[in-house]
Amino acid sequence: MTDDRERELTEKEPDKLTTSELLQLLKLRHTGDEPPPCPVCGGAMSPVHSGRGPTKWACTMWETDPDNEGKLRRKSNRRLLDDHFAESVWYQYVHDEPWVLELVRRVESWGAVVGDTSMVDI
Ligand SMILES: [Zn+2]
């Protein structure tokens, strides 16, 4: 869906897009990929390594410890770097660009202030 919309928008030359379409394209291109659920158990994924390049995510081996508030414990069926970890690894190549997203938010709010929902004339 997102990729389809991005492709549709990029079929036009930049000067043929409305301001609203340009903002939508910037938002699509600068919003990070959402980590999928773990392919093994459906649980939440956690970032395990980041730096230059993609962020590595994997199914966490930790869970909240009901006996120690605010603490984590290792899940009973998990070991460090086990097969579950290896099979769940996912790489995030696109990360949120908060500066771009903030600019898009501000420009969209200007459109709301002037009452021009198409924002063609901004
Ligand atoms: Zn899992």
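How many bridges join E2 to E5? I looked and found 3, with the two strands running antiparallel. One of the pairs is Lys56 with Tyr91 in E5.

Housekeeping before I go on. This is a predicted model, where local features need pLDDT of at least 70, side-chain atom pairs count only at pLDDT 80 or more, and totals for chains, interfaces and linings use all residues. Residues are numbered from 1 along each chain as its sequence is written.

My terms: helices (H or I, at least four residues) and strands (E, at least two) are DSSP runs numbered from the N terminus, and two strands pair if DSSP finds at least two bridges between them.

Strand E1 (residues 45-49) pairs with E2 (residues 55-59) in the antiparallel sense over 4 bridges. Met45 has Cys59 in E2 as its bridge partner. The two strands make a hairpin with 5 residues between them, and I noted Gly53 in the turn, with a positive phi of about 90°.

Put together, I get an open sheet of 3 strands in the order E1-E2-E5, with antiparallel pairing. E1 and E5 (90-92) are the edge strands, each pairing on one side only.

Then I zoomed out. The chain has 4 helices and 5 strands, and from the N terminus they run α-α-β-β-β-β-α-β-α.

Last, burial: 5% of the 122 residues count as buried (20 or more other C-beta atoms within 10 Å of the residue's own, with C-beta atoms placed from the backbone).

Note on methods. Buried ≥ 20, exposed ≤ 12 C-beta atoms within 10 Å, placed from the backbone.
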